[in-house]
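Please open the model in your viewer and keep the selection panel at hand. The tour moves from one selection to the next and says what is to be found at each stop.

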Amino acid sequence: MMETIFSNFALIIGTTLMYSTPLIYTSLGGVLAENSGVINIGLEGMMIIGAFAGATLGYFVGNPWIAFIGAGVAGGIYGLLHAVACVSFGANQVVSGIAINFLGIGVALFLSRMFFEGATMTKSIPLDFKMPRPLNGVFPDGSFLNIILDNQYATVYVALIFVLLIWFFLYKTKYGLRLRSVGEHPTAADTLGINVIRIRYFAVIMSGVMAGFGGAAMSLAIVSNFRPTLISGHGFIALAAMIFGKWKPQGALLACLLFGGSQGLAVFLGQFNFEISSQLISMLPYVITIVVLIGFVGKSAAPAADGIPYEKEHKY
Amino acid sequence: MGYKDKAKSLTKVIEMKNITKKFGNFVANDSVNLDVFKGKVHALLGENGAGKSTLMNILYGLYSPTSGEILINGKKVDITNPNIAIEHGIGMVHQHFMLIKPFTVAQNIILGREPTSKFSVLNMKKAIKDVKEISERYGLYVDPNAKIEDISVSMQQRVEILKALYRGAEILILDEPTAVLTPQEIVELIQIIKNLTKEGKSIILISHKLKEIIAAADFCLIIRRGKHIDTVVVSETDEKGLASKMVGREVIFNVPKEDKKAGDEIFSIKDLVVKDNRGIVAVDNLNLSVKKGEILGLAGIDGNGQTELLEAITGLRKVESGEIKINGEDITNNTPFQIINKKISHIPEDRQKRGLILDFDISENMILENYHNYPFAKRGVLQYNNIKKYAKELINKFDVRPREESKLTGTLSGGNQQKVIIAREVTNDPDLLIAAQPTRGLDVGAIEFVHQSLIEQRNNDKAVFLISFELDEVMNVSDRIAVIYEGKIVGIVNAKEAKIEELGLMMAGGGSK
Ligand SMILES: Nc1ncnc2c1ncn2[C@@H]1O[C@H](COP(=O)(O)OP(=O)(O)O)[C@@H](O)[C@H]1O
Ligand SMILES: [Mg+2]
């Protein structure tokens, strides 16, 4: 009895980590863009194109790391589009983000049909070409750590490293300080000779790269192909996690673990024969997202200039 | 000795020659010339919207001039961005502070020129040490670890000055630095300016307060509506001379007002208790009344419950206990809408936040309180023709500039924004007009106008309640003066018999009844 509780607990932690991972990457992307003052609700679309690029490259190239980086590049290109619209042309950032989302699924489907004989699903990547599982077989069978870590893909650890890296970048380096200053008060940054436009470009492109990684963490690790429903709202959940995490990498991490955990729980509960329909259970992550956003989030933590386009020669 | 002779013996550090700046068709600077000399304070005087900030933003590289040239130490330079200005030793403290609120003092000062160790990693230890060093050197004490959002406005200004000095500024532009300071802090600032010039720094001081220019500046450039009017030696002129050059006509500092017997009491406050945002009692059993045909001035230092009192009267804040009456009717805890309908008008403390909707145009702002009434609306549909006609009338009557009812109020100068508010409030024909800090940040011409409007209300047998931190203003305009201290009225005197020392003492809590 103790034994099963123990291993069930480990199992839930394991699935939590696994399902949180794509959210963590994407959420970090949101942290970067919004701390520089650009709202990015295009994360979903960037994640989709990343998932597609990852699965496709994984299938054709056969190296998961090249595929992973390719996914980042694909996401980064979408980030560039968003940056051109929002930073150079001062477009409404929400509208541009929505367009990016449509463009994400649209282009992914189009290319999928082109490369995979008209199929909307990419072909499965053979197990050997998926992301490696670095700690597979390291811990004795059935041990607590074994249950948690045995099946975790490399993307999980890379995500945690990125949390540290981005935290360090934002709070301990001069470029991080400048990026945050641009998100808080771009005019002030401008008067100190900081290039607001360049920093916002960098942040939004990197945000796309991270969302691309997030998509690939789905299609190269958790599953092994791309299909149109693979990313269904994960980008938005990651966005919500960023908000719940008060626009900070460490906060976003915790929020992603919460949302990922509810997703993991949904999967875990799905294996039992409950009298509850599985559709209801799989709604769990979304319901938790809404409840959390309604209940706990104030606007106060957002960077002061988040969402406001910056133009030169405006009134000082 | 005129300006030309004086200037000959001095070292020019900056020459701005024939600077013209156009925003679209609008000429903000029209062939302006400015010379700045080493170790001297050069004032820039002009009404709101005259183009002072524009000229300085050009010097600092934020705007590029439409024509004209700039010489620094005799060499022509193209200042296309602030980095170039900083390299040439120019520093600027903007009218609206350019500080990142959630950052610390030290972070704000080093931003853009951060001391780093390997891999661009911030070296905050060195940053704090550097900040301490310059702050001690110039006697500008700050706490490097405090967050900007937690420190006072005058501290924030020090941080701004330190920011410029940290970048090695030799020429320091101060854009209306005193607008946000208390009288005591202004004295301190003038001392700081003197210390800086002793160190050989040159200062450009923008202000429309004549007293300060006389107290602090050596020379003064006067611009009016973008045009270069004159450069004078400050010691050879006086307040009147400066004022008439600035406004282009004689200015009356003390608007004359005839004696007038006040009528019946029309507005009264009894035992009022109001709490502030933190839940602490801010207005503490306060009693007051205003009569028809009088101006009651409320003197007091900022933060003694004035804001809460004002918000309670206008329905913006809950009254804990006590009662507020107008024309015998109880309006305690009524909604702002109800209170407006009881003929109370309000010129709010913060004109940009509470007085106007900056993204609406002048005509829309003019009808904010009666948009739902005929002729502005018919069956719930706005009648823009009528609204525009009405706005045009008020714009002419109250001399709002520019004379375009479709101009967004956010683009107007402070004085003209205030005129829009006054036009709206006074035209409502209120029984009680409440004016809170009505001249804050305005130049002498606009101040004269505001005071005239208040006195006119009074002469029309209306009640006026003036709340101001400027003792001069309260003494000049009011008929009776009440002094507030820690949420209580600590004394009421007739303005004619009031002595500044007596009021000052009461404001500091040392007065008797
Ligand atoms: N970026 C801008 N675009 C359009 N008009 C501007 C801009 N900056 C200033 N102005 C206008 O130029 C005039 C001068 O403004 P400013 O230099 O700020 O005046 P001052 O500092 O003397 O009060 C004002 O009428 C203002 O509305
Ligand atoms: Mg100005």
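**Stop one: ligand 1**

Select B:Gly51 together with ligand 1: a backbone N or O atom of the residue lies 2.9 Å from an oxygen atom of the ligand, a polar contact being a pair of N or O atoms within 3.5 Å. This is a predicted model, in which local features need pLDDT of at least 70 and side-chain atom pairs count only at pLDDT 80 or more, while totals for chains, interfaces and linings use all residues. Residues are numbered from 1 along each chain as its sequence is written, chains are lettered from A and ligands numbered from 1 in the order in which they are written, and side-chain values use heavy atoms, with hydrogens and water left out.

Widening the view, ligand 1 lies between chains A and B, and 16 residues surround it (a heavy atom within 4 Å).

B:Ser53 sits in helix 2 (residues 52-59) of chain B and B:Gln95 in the loop between strand 6 (90-93) and helix 4 (105-110) of chain B, 42 residues apart; helices (H or I, at least four residues) and strands (E, at least two) are DSSP runs, numbered from the N terminus.

Key. Polar contact = N/O pair within 3.5 Å; in protein donor to acceptor, adjacent residues only side chain to side chain.
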